[in-house]
Amino acid sequence: MGQLQEIYEGWKNLTFPNPQIEELAKKRIIICVNNECKKFKANKSCAVCGCYMPAKTRSKKSKCPLKKW
């Protein structure tokens with residue numbers, strides 16, 4: 001899956017929530033926030049990849065650029 005498809009999938013799942021995807025996103029975003037990742041910015045984006053994390057965490061194929069999830 002290409003990066004554009006991952007972005008589309010993340011935003012689609014953010015717009016149209018699915019219980020399974022929401023559970024995955026919750027687990028991922030907790031890693032970003034509760035582990036106090038220094039790259040997680042106040043605007044909810046990643047300083048490494050530049051992605052908006054509420055959308056990226058909802059793409060099943062996406063991965064953390066720091067390999068945290």
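Begin by selecting helix 1, residues 3–15, whose 13 residues reach 18 Å from the first C-alpha to the last, close to the 18 Å expected at 1.5 Å a residue (the expected span being 1.5 Å times one less than the number of residues; helices are DSSP runs of H or I with at least four residues, numbered from the N terminus). This is a predicted model, in which local features need pLDDT of at least 70 and side-chain atom pairs count only at pLDDT 80 or more, while totals for chains, interfaces and linings use all residues. Residues are numbered from 1 along each chain as its sequence is written, and side-chain values use heavy atoms, with hydrogens and water left out.

Next, select Glu6, Glu9, Gly10 and Asn13, the buried residues of helix 1 (buried means under 20% relative accessible area, exposed over 50%, partly exposed in between, with a 1.4 Å probe and protein chains only). They lie on the same side of helix 1 because they cover an arc of only 100 degrees around the axis, taken from the directions from the helix axis to the C-beta atoms. Show helix 2 (19–34) and helix 3 (53–56) as well, since the buried residues of helix 1 pack against both, contact meaning heavy atoms within 4.5 Å. On the face turned away from that buried side, select the exposed residues Leu4 and Tyr8.

Finally, turn to the cysteines, where the count comes to 0 disulfides, a disulfide being a pair of cysteine sulfur atoms within 2.5 Å. Select Cys32, which is buried at a relative accessible area of 8%; its sulfur is 6.1 Å from the closest cysteine sulfur, in Cys64, too far for a bond. Then select Cys46, buried with a relative accessible area of 8%, whose sulfur is 3.8 Å from the closest cysteine sulfur, in Cys49, again too far for a bond.

Note on methods. Helix = DSSP H or I, 4+ residues; strand = E, 2+ residues; numbered from the N terminus.
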